[in-house]
Amino acid sequence: MAVTKFLSRKTRLDMIIKYIMSGEKTEKMMYVSGVNCRPDTAISEMQDTKKRFDKEDGIISYHLIQSFDGKEISSKKCHELGLQYAKELFGDDFQFVVATHLNTDNVHNHIVVNSVSFKSGNKFYSNRETKDFIRITLDFICRENGLSIIKNQKRLLKIRRKISQETDRHKLR
């Protein structure tokens with residue numbers, strides 16, 4: 001069973017990327033990947049894209065937290081699905097980093113996406129349809145890989161609250 005939390009970030013791209021790539025959370029960056037950027041230079045690459053297209057204000061990045069039941073999936077598979085998920089959502093137009101955190105009972109991915117396309121300079125905007133697409137895409141990937149999905153909306157809300165509480169406890173530093 002997987003759940004995604006989708007957040008927009010208006011400040012400090014460097015802090016969010018450093019947080020998701022933290023060695024203590026990723027076991028020395030065992031499962032950290034960049035798409036259309038290198039993880040070790042993602043901050044500067046994303047900032048360069050924003051400067052090139054003069055889009056350095058507003059929403060700086062999007063942060064997805066994709067959480068799985070630790071008993072249902074291995075760390076390696078979690079990371080593979082995180083990459084597949086982000087590629088399905090953002091294709092070849094956006095730079096993003098996927099980092100799998102192994103420091104809790106439920107293995108989970110953090111995905112940080114540049115809000116500006118490095119190809120066209122267009123910004124990615126989130127709306128209700130986007131959030132529905134995010135949920136449908138995750139459910140499809142889970143079914144395709146034999147993982148359970150959440151059918152009960154009340155249970156989904158309860159799990160999202162739990163993720164929010166965990167995120168609040170591990171606030172970005």
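This is a predicted model: local features need pLDDT of at least 70, side-chain atom pairs count only at pLDDT 80 or more; totals for chains, interfaces and linings use all residues.
Colleague: How many aromatic pairs does a search of the whole structure find?

Modeller: Six aromatic pairs are found. Ring pairs join Phe6, Tyr62, Phe90, Phe94, Phe96 and Phe124 into a cluster.

Colleague: Why is the pair of Phe90 and Phe94 edge-to-face?

Modeller: The general idea is that planes over 60 degrees apart count as edge-to-face. Here the ring centres of Phe90 and Phe94 are 6.3 Å apart and the planes stand at 70°, so this pair is edge-to-face. The rings of Phe90 and Phe124 have centres 5.2 Å apart and planes at 65°, so that pair is edge-to-face too.

Colleague: Which parts does the pair of Phe90 and Phe124 tie together?

Modeller: Phe90 belongs to helix α4 (residues 75–90), while Phe124 sits in the loop between β5 (108–114) and α5 (128–144), so the pair connects parts 34 residues apart in sequence.

Colleague: Are Phe90 and Phe124 buried or exposed?

Modeller: Phe90 and Phe124 are both buried, and Phe94 is buried as well.

Colleague: How are the axes of helix α1 and helix α3 to be read?

Modeller: In general, angles over 145 degrees count as roughly antiparallel. The axes of α1 (residues 13–20) and α3 (residues 42–52) come within 10 Å and cross at roughly 150°; the two helices are therefore roughly antiparallel to each other. The crossing of α1 past α3 is right-handed.

Colleague: Which residues make the contact?

Modeller: From α1 come Leu13, Asp14, Ile17 and Lys18, and from α3 come Ala42, Ile43, Met46 and Gln47. By class, this contact has five nonpolar, one polar and two charged residues.

Technical notes
Residues are numbered from 1 along each chain as its sequence is written. Side-chain values use heavy atoms; hydrogens and water are left out. Rings of Phe, Tyr and Trp (its six-membered ring) pair if their centres lie within 6.5 Å; planes under 30 degrees apart count as stacked, over 60 as edge-to-face and the rest as tilted. Buried means under 20% relative accessible area, exposed over 50%, partly exposed in between (1.4 Å probe, protein chains only). Helices (H or I, at least four residues) and strands (E, at least two) are DSSP runs, numbered from the N terminus. Axes are lines fitted to C-alpha atoms, for helices over the stretch in contact, and angles run from 0 to 180 degrees between N-to-C directions. Angles under 35 degrees count as roughly parallel, over 145 as roughly antiparallel, 65 to 115 as roughly perpendicular and the rest as oblique. A crossing is left-handed if the near helix is turned anticlockwise from the far one by less than a right angle, and right-handed if clockwise. Contact means heavy atoms within 4.5 Å. Ala, Val, Leu, Ile, Met, Phe, Trp, Tyr, Cys and Pro count as nonpolar, Asp, Glu, Lys and Arg as charged, and the others, Gly among them, as polar.
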